[in-house]
Amino acid sequence: MHKVYHRIDTIAGNVVTLKAPSVSYRELAEITSRRGTSLAQVIRLQGDTVALQVFAGARGVATDARVRFLGDPMRVPFSDALLGRIFTGSAEPRDRGPALKDNLIPIGGPSVNPAKRIIPRKMVRTGIPMIDIFNSLVESQKLPIFARAGEPYNQLLARIALQAEVDIILLGGMGLKYDDYLFFRDTLEENGALSRSVLFIHTAADPVVECLLVPDITLAVAEQFALQGKRVLVLLTDMTNFADSMKEIAITMEQVPSNRGYPGDLYSQLASRYEKAVDFEGAGSITILAVTTMPGDDVTHPVPDNTGYITEGQFYLRNGRIEPFGSLSRLKQQVNGRTREDHRTIMNTLIQLFAAYRETLEKQSMGFRMSAWDQKLLQYGVRFEREMMDLSVNIPLEGALDRAWRILADCFDPVETGISSQLIEKFWPKASALEPASPAL
Amino acid sequence: MNTTKGTITGVNGNMISVAFDGAVGQNEVAYAHLGEMRLMAEVVRIRGTQADLQVFEDTTQLAIGNTVDFTGEMLSVELGPGLLTQVFDGLQNPLPRLAEKCGFFLQRGTYLPALPRDSRWAFSPVVKAGDTVFAGDTLGTVPEGIFQHRIMAPFNLSGKQTVTEILPAGTCELTQVVARLQSESGESREVTLIQRWPVKIPIRCYTERLRPVDPLVTRIRIVDTFFPVARGGCYCIPGPFGAGKTVLQQLTSRYADVDVVVIAACGERAGEVVETLREFPELSDPRTGKSLMDRTIIICNTSSMPVAAREASVYTSVTLAEYYRQMGLNVLLLADSTSRWAQALREMSGRLEEIPGEEAFPAYLESVIASFYERGGIVTLRDGRSGSITIGGTVSPAGGNFDEPVTQSTLKVVGAFHGLSRARSDARRYPAIDPLDSWSKYPSVVDEGRVARARALLHRGNEINQMMKVVGEEGTSLADFTLYLKSEYLDAVYLQQDAYDPVDCATDGPRQQHVFATIGAFIDAALRFEDKDAARRFFQRLTQATRDWNRIPPNTPAFTEHEKRLQDMLAEVTDHA
């Protein structure tokens with residue numbers, strides 16, 4: 001019943017055009033050429049002329065290739081059988097498991113009605129003090145990690161995924177180095193988390209068009225799990241590659257570029273993905289953690305800049321640590337008032353003292369004389385960096401708060417911290433000198 | 001009615017090309033068939049028998065040859081009682097009722113009437129048969145929450161009309177005919193509680209537009225005192241992400257001294273709208289004591305909702321504001337963010353393959369922005385009352401750089417500029433409005449002379465601070481250092497305001513006048529200190545004490561007492577020589 005066409009008119013980049021009547025927008029087609037078979041999607045209709053974006057790339061596609069339209073837009077199979085599986089960017093198995101064909105769901109579906117959203121109230125504990133204490137992650141939050149290429153952002157992502165209290169982990173890899181893909185797979189497997197994970201991986205060697213599908217497929221699957229009442233954590237790495245793929249297609253389609261070659265709808269495109277983060281009233285939730293690498297460590301680059309306007313805060317990863325300044329969780333106020341009474345005070349005090357430490361470091365580097373107060377700050381700063389900021393530190397929130405009190409007690413007198421006497425009374429460690437300093441790391 | 005039909009000849013993103021025969025108007029609404037669904041679209045360009053339409057929905061699966069019905073009507077909104085407290089999308093679909101119908105997701109092609117058809121209203125006429133009226137004149141009223149909602153003669157009537165029939169006082173339905181009007185040429189027109197109006201055309205049923213001179217008190221000190229907004233004026237808030245634009249808008253929507261607030265959440269995060277949605281019904285309006293929601297309309301087209309409807313949402317919200325202005329009310333329209341709206345224009349312009357201007361924004365960006373802000377203003381209505389629309393728009397410049405087209409086009413047409421700075425928000429100096437770069441052309445709520453002196457002090461303080469970075473504290477004279485401390489003091493206790501403190505979060509006009517006069521006297525006073533350390537210690541103490549004063553409710557003994565204590569502190573160091 002599906003008509004087959006044998007005449008392709010133009011081939012440019014990964015886009016081919018041909019004449020075919022009664023095709024619908026975003027419909028899938030199958031292109032068979034000497035190189036093999038690939039799926040393609042309709043991205044423009046103009047009279048009889050259909051523009052198709054070829055998922056596997058147009059390389060090797062000849063003008064007499066066989067094109068068969070399938071009648072439906074892109075869909076992915078959804079069932080619990082997905083768990084533990086690894087797929088490519090076009091939802092083909094990447095592991096040796098069987099292909100899934102049942103219960104197809106559309107991707108890139110409509111957005112959630114704002115009237116059905118609820119104010120997020122549940123904290124996601126990660127065991128990383130820089131997140132738990134200072135910028136708490138909240139269920140249904142969308143948060144990117146801004147980092148330069150070379151920072152251990154994938155390691156951080158994997159750790160958060162393993163330690164966060166969620167039901168399902170979905171990983172969408174875009175332009176991932178093959179090593180990084182293997183790292184994710186092995187880490188999840190070693191920690192026994194693969195059985196509650198689904199991976200959609202586009203590696204740097206795969207056709208660029210498949211990269212565009214990864215967030216939509218991952219989030220469509222996430223949405224289905226969330227509607228079943230599951231708490232889903234979606235990891236997307238790296239969104240800059242996604243934006244670059246979009247740029248590539250837009251230029252091929254001769255669209256007018258807006259800023260550094262990116263298409264004018266970059267904001268809307270990113271937003272329609274990030275806004276899938278949601279807490280469904282009476283069902284599950286989707287939390288999105290993404291990586292956005294900053295070309296040239298420049299936060300005003302269009303991708304991190306647009307992302308910052310969309311997401312609810314950001315983590316800056318610098319020199320292998322989450323930078324306390326600049327990092328922000330816009331939703332932390334919703335949760336950190338209901339953890340432990342000293343949480344907010346500790347958060348503010350530690351940061352203020354750390355800011356003072358940074359100033360002291362500056363003074364020190366300029367050769368000024370260090371006062372007694374400066375010496376205390378230096379001692380404090382080193383402890384803070386080693387026992388709080390280091391990414392290998394892995395303790396629950398309460399333990400981290402206790403450790404914070406210990407560090408304060410070892411470095412300062414109570415009055416110097418500016419903490420209210422009521423909290424000092426309750427939490428300041430007694431006779432700190434008699435006990436051993438903080439546990440060795 | 002003569003309706004034109006067409007067929008789709010092209011699809012590109014949310015734009016479709018349609019071949020038609022018959023007549024088609026610019027900005028006319030059409031519906032594209034997709035199976036049983038009808039997708040709403042708007043004509044944006046006509047060339048011969050080919051029209052380009054922007055579709056307000058996802059266009060997936062539209063195909064060449066699908067039918068398109070043209071309606072002959074421009075994109076319009078329903079105006080009538082029951083608009084207040086509602087939450088609409090950019091096309092005036094009521095979102096809560098859509099949720100009841102469709103569940104969690106916004107299904108495309110589902111449109112509901114904006115005003116619930118089953119509502120009943122107690123109508124009381126104010127004209128009688130035989131009276132003469134003009135477009136926009138009041139025919140009767142219905143109570144809507146805290147207001148008497150005026151049922152007005154349709155805005156598109158021309159010339160003198162005679163009332164031939166009017167409903168006596170009683171309960172009536174929205175679509176019931178309440179009056180019949182006859183024009184001089186004998187045409188008869190039925191009036192119901194609802195009328196429709198095309199969103200892209202301003203409502204102009206007033207006799208005169210006035211110059212905005214009365215300050216609109218927002219209860220944010222840095223705004224009211226230094227960069228005031230006038231009733232009927234317009235202002236913009238550009239700022240990088242994380243600088244607190246949205247918090248500032250939320251505070252304004254709560255405390256501003258107006259009758260009706262229209263919030264246009266245009267292409268921003270859904271989460272922020274949800275906070276407003278869920279919190280406003282719980283908060284009480286400082287003016288009436290009723291729920292804040294009673295005076296609020298929310299137009300919500302968040303970033304992931306269709307982009308063409310985002311463009312429409314700005315016009316929808318300003319049309320609703322104009323409707324309430326026609327009733328002689330003071331309306332505040334807050335648009336967050338106009339950059340997203342400009343981006344929607346850019347996307348459409350790109351698809352139309354128009355020649356791009358700067359940063360690919362269309363060449364007509366400036367005139368479109370200007371005509372939007374010009375829909376604000378204070379006017380005298382035909383019956384002598386006045387009504388106003390004050391427009392406040394946020395701008396989200398790329399990279400936080402104000403030299404981009406949207407910020408620059410906006411600055412040309414607004415009367416006040418509240419530039420947010422990353423440096424101030426990083427230093428936790430909220431609201432992060434930059435006191436050196438911002439400006440306002442409107443009169444302040446406090447004495448202008450004092451404001452000018454305070455502003456000069458801030459500039460001088462900044463200069464001294466810059467200088468100190470080079471020469472150090474040692475190289476600065478004690479007099480200069482004291483000036484610098486004074487400017488920091490003014491910043492800390494007056495420009496900064498604690499949004500989370502129940503008292504400090506909102507300072508009304510009289511309190512601003514009182515506090516500013518007091519602090520102004522401190523600043524003008526000649527002070528004498530032993531050395532810089534003594535000066536610094538004194539100002540630290542004074543700052544702390546003044547901040548405490550800000551947190552004491554006015555008209556209490558504690559307030560006066562605390563003020564006395566501040567005066568005493570100052571007297572100790574005043575130089576009487």
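This is a predicted model: local features need pLDDT of at least 70, side-chain atom pairs count only at pLDDT 80 or more; totals for chains, interfaces and linings use all residues.
Reader: Which residue in strand 1 of chain B is the bridge partner of Gln46(A)?

Author: The bridge partner of Gln46(A) is Gly10(B), which belongs to strand 1 of chain B.

Reader: How many residues does each chain bring to the contact between chain B and chain A, and how much area do the two chains bury between them?

Author: Chain B contributes 58 residues and chain A contributes 51 residues, while the area buried between the two chains is about 4,600 Å², of which 55% lies on carbon and sulfur atoms.

Reader: Which residues form the salt bridge between Asp265(A) and its partner, and how far apart are the closest N and O atoms?

Author: A salt bridge is judged by a distance cut-off, a nitrogen-to-oxygen separation within 4 Å, and across this interface the rule finds one. Asp265(A) pairs with Arg351(B), and their closest N and O atoms are 3.6 Å apart. Polar contacts across the interface of chain B and chain A come to 26 residue pairs, with both residues at pLDDT 80 or more. On the side of chain B that touches chain A, the elements giving two or more residues are strand 1 (5–12), helix 1 (95–102), helix 4 (270–279), helix 5 (307–325) and helix 6 (338–351). Helix 4 of chain B gives the most to that side, with eight residues, and the residues of this side of chain B divide into 23 nonpolar, 20 polar and 15 charged.

Reader: How should I read a sheet within one chain, and what is the order of the strands in the open sheet of four strands in chain B?

Author: The general idea is that side chains in a regular strand alternate between the two faces of the sheet. In chain B, the open sheet has the order 12-11-9-14, with antiparallel pairing. Strand 12 (147–152) and strand 14 (170–173) of chain B stand at the edges with a single partner strand each, so one side of each has no neighbour in the sheet. From one strand to the next the twist averages 45 degrees. Within this order, strand 9 (residues 120–125) and strand 11 (residues 138–144) of chain B pair in the antiparallel sense over two bridges, and Ser124(B) stands opposite Thr141(B) of strand 11.

Reader: Which residue takes a positive phi in the hairpin of strand 15 and strand 16 of chain B?

Author: Strand 15 (residues 179–183) and strand 16 (residues 188–191) of chain B run antiparallel and are joined by four bridges, with Arg180(B) having Glu190(B) as its bridge partner. Four residues lie between the strands of this hairpin, where Gly186(B) takes a positive phi near 95 degrees.

Key:
Residues are numbered from 1 along each chain as its sequence is written. Chains are lettered from A and ligands numbered from 1 in the order in which they are written. Side-chain values use heavy atoms; hydrogens and water are left out. Two strands pair if DSSP finds at least two bridges between them. Axes are lines fitted to C-alpha atoms, for helices over the stretch in contact, and angles run from 0 to 180 degrees between N-to-C directions. Contact means heavy atoms within 4.5 Å. Buried area is the accessible area (1.4 Å probe) that two parts lose on being put together, summed over both. A salt bridge is a side-chain nitrogen of Lys or Arg within 4 Å of a carboxyl oxygen of Asp or Glu. A polar contact is a pair of N or O atoms within 3.5 Å; within protein, one must be able to donate a hydrogen and the other to accept it, and residues adjacent in sequence count only if both atoms are side-chain atoms. Ala, Val, Leu, Ile, Met, Phe, Trp, Tyr, Cys and Pro count as nonpolar, Asp, Glu, Lys and Arg as charged, and the others, Gly among them, as polar.
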